[in-house]
Protein chains: 2
Amino acid sequence: MKLATLHDGSRDGLLAVVSRDLSTAHFATGIATTLQQVLDDWNFRSPPLEDLYATLNGGKARHAFPFNPKHCMAPLPRAHQWADGSAYLNHVELVRKARGAEVPASFYEDPLMYQGGSDDFLGPQEPARFASEDWGIDFESEVAVVTGDVDIGTDAEAAIDSVRLLMLVNDWSLRNLIPGELAKGFGFLQSKPATAFGPVAVTPDELGPAWQGGRVHLALESRWNKHRVGLCNAGPEMTFHFGQLIAHVAKTRRLRAGSIVGSGTVSNKDWANGYSCVAEKRAIETIEHGAPRTGFMKFGDTIRIEMLDGDGHSVFGAIEQRVAPLHDPAPAESAVPPVAETAPAPQAQAQGDSDNDGAAEA
Amino acid sequence: MKLATLHDGSRDGLLAVVSRDLSTAHFATGIATTLQQVLDDWNFRSPPLEDLYATLNGGKARHAFPFNPKHCMAPLPRAHQWADGSAYLNHVELVRKARGAEVPASFYEDPLMYQGGSDDFLGPQEPARFASEDWGIDFESEVAVVTGDVDIGTDAEAAIDSVRLLMLVNDWSLRNLIPGELAKGFGFLQSKPATAFGPVAVTPDELGPAWQGGRVHLALESRWNKHRVGLCNAGPEMTFHFGQLIAHVAKTRRLRAGSIVGSGTVSNKDWANGYSCVAEKRAIETIEHGAPRTGFMKFGDTIRIEMLDGDGHSVFGAIEQRVAPLHDPAPAESAVPPVAETAPAPQAQAQGDSDNDGAAEA
């Protein structure tokens, strides 16, 4: 099933079931008001939601209404845990190679992960606001799972079974703040501002055979200012599957229901597939030309992230965000223009310089 | 006022108001069921709680019952954010000096902070369970604040006003897992297992003049296996006050109500005040003798953390935890014995070795 959280003025929003084709929705009235409630009590609350989903898909739901992703908050507008991996080692290899550094052998055995802030997530069409363009504003297109309760010491295979939902992520990153923070050794804080999520969270069965071995075997499309810059397969090249990422966190502590675990920037060895974050494009440019040619994002830029299934249907709906200054005269609602279907394939903007991609592996 | 969350079988527990002397409590029935609800809507829900608190202190509350910290969960059993600082630079200096490293000048201007997991906190008397003693089990006695909503870019002085509550913290750390994690650059994950909190959260006015300039000017006592090993003043030597720590997080993102921001291990320059984590004792031993003499905690060890006000009354109640293996035959309830009032002052156990205090600055 597919679930969304709609703005109702509250901090946690109002839970709705969304039809498979993302055309209609229905509030989960009488079952649960928030997605966290469902995750807290999954075995009790998810069956009636599945029933409602079937009714909605059959066109028989009584109070269905048109689904508009503009009204979505993040499926979990705030969560109790957001732990993000860097599970596509190709991404790490590129970024390191660009700065002449080796990838330690341990990185192939032991996943890179960081603890992120989870108190304030952005909805799929909310602008991403920053005080300065000089911080090196960058998107990161990712996939994430939402877990149920996971015991300490759960192994990687068993951990796959704890996956309740999948989501799309835009893990906003401030590249020029990263080297200084990582040099301090305590990880990201200022360099990882509020993270955005796609319109709907979906149960693994929605992916059919594309959900296999704890990986999502579908392509993730990233469009920067309408240009498709990345179409990377999220499956085979995910070095650590989601069960391994969850088990990594669970080594010394439980994960409680509603924990979000991310894949890190999706990345493929074949550069023709493009990129899922600007830092990777810049790393490739540095390897090829000795220096980056593409600048980071500017105020007014847009980013659109979407994943289509084997039949060409959107699985999660799209993240469509605009980069904006902290305070601007634009209306609060999203001003992302519709994406031109005719936009050309992988192509970047040559926007100048900035030489500080220090540690962009997240 | 003082607030506690009592076990009722639910994930978020049941909110209670606790009398100033910690002798009686009263459920917040009709006002709020959870502490997060109060924080979400502070201006509306805190005044009736204050009224109930006054009635309870006056002995006039109708359904008061004896307060027993054994029934407490963490005041916020799960939160949406836990960001911990390392605000006592003396602690950082000691740990670095022990391993022959300098403290970068920037550390005096720019606080060290890390993002912690917040999905699963321990109550004040819950055992702290670990799979192995070899991980270098250590307590960290700290103070933390709980904030209201904080805007992006809020300055340090204004951020002090966002403090709604204060709490005691035991930031459990696995010292032997820290060097490997920090070397990866992404901060703590496995090396910071579930954090424990004191029985009650208190509003800043409860501290009277001891809450000044965003610092808590009271001594924090740590008793390890009944021996007082630390009595460190949390006030004057806190290099960065809580407003500065909050503002550090708020540089690039909002903090939403219920965010917990910690002080890091409380530490004083005067070694006679003892220590608030074993790693610091070991650092001092290394400086004095060339190697640590005190081992980390063992299964069965106890730790008791408490802060008394100027009149000798407990402000927050005590954290009283037992270190335990993941699965043991002991009853689930706490088995911490009462602390002997006659226990001697600062004295450590010489328990052997372990040479890996790599990066214990949290």
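**View 1. A:Glu221 and A:Arg223 pair up in a salt bridge.** The closest N and O atoms of A:Glu221 and A:Arg223 are 3.0 Å apart. To count as a salt bridge, a side-chain nitrogen of Lys or Arg has to sit within 4 Å of a carboxyl oxygen of Asp or Glu. Both A:Glu221 and A:Arg223 are buried (buried is under 20% relative accessible area, exposed is over 50%, and partly exposed is in between, using a 1.4 Å probe and protein chains only). Keep in mind that this is a predicted model, where local features need pLDDT of at least 70 and side-chain atom pairs count only at pLDDT 80 or more, while totals for chains, interfaces and linings use all residues. Residues are numbered from 1 along each chain as its sequence is written, chains are lettered from A and ligands numbered from 1 in the order in which they are written, and side-chain values use heavy atoms, with hydrogens and water left out.

**View 2. Domain 1 of chain A meets domain 2 of chain A.** The domain assignment, which is automatic or taken from a database, gives chain A a domain 1 (1-67) and a domain 2 (78-326). Their C-alpha centres lie 26 Å apart. In the contact (heavy atoms within 4.5 Å) are 17 residues from domain 1 of chain A and 19 residues from domain 2 of chain A. About 1500 Å² gets buried between the two domains, with carbon and sulfur atoms giving 54% of that; this buried area is the accessible area (1.4 Å probe) that two parts lose on being put together, summed over both. On the domain 1 side, A:Lys2, A:Leu39 and A:Trp42 lose the most area to domain 2 of chain A, together 33% of what that side buries.

View 3. (Helices, H or I of at least four residues, and strands, E of at least two, are DSSP runs numbered from the N terminus.) Which of the two is buried and which is partly exposed? A:Arg78 counts as buried at 7% relative accessibility, whereas A:Asp12 counts as partly exposed at 25%.

**View 4. A:Arg11 reaches across to B:Asp149.** This salt bridge has its closest N and O atoms 2.8 Å apart. A:Arg11 lies in the loop between S1 and strand S2 (14-18) of chain A and B:Asp149 in the loop between strand S9 (141-147) and helix H4 (156-160) of chain B, so the pair joins two chains. B:Asp149 is partly exposed, at 38% relative accessible area. Both residues belong to a network of salt bridges that also links A:Asp12, A:Arg78, A:Asp120, B:Asp40, B:Arg254 and B:Arg256.

**View 5. A:Ser259 touches residues of chain A and of chain B.** A:Ser259 is found in the loop between helix H6 (242-250) and strand S18 (260-262) of chain A. With a relative accessible area of 0%, A:Ser259 is buried. Its side chain makes a polar contact of 3.1 Å with that of A:Gln81 and another of 3.4 Å with the side chain of B:Asp119. (A polar contact is a pair of N or O atoms within 3.5 Å; within protein, one must be able to donate a hydrogen and the other to accept it, and residues adjacent in sequence count only if both atoms are side-chain atoms.)

Note on methods. Lists of a residue's contacts leave out its neighbours within four places in sequence.
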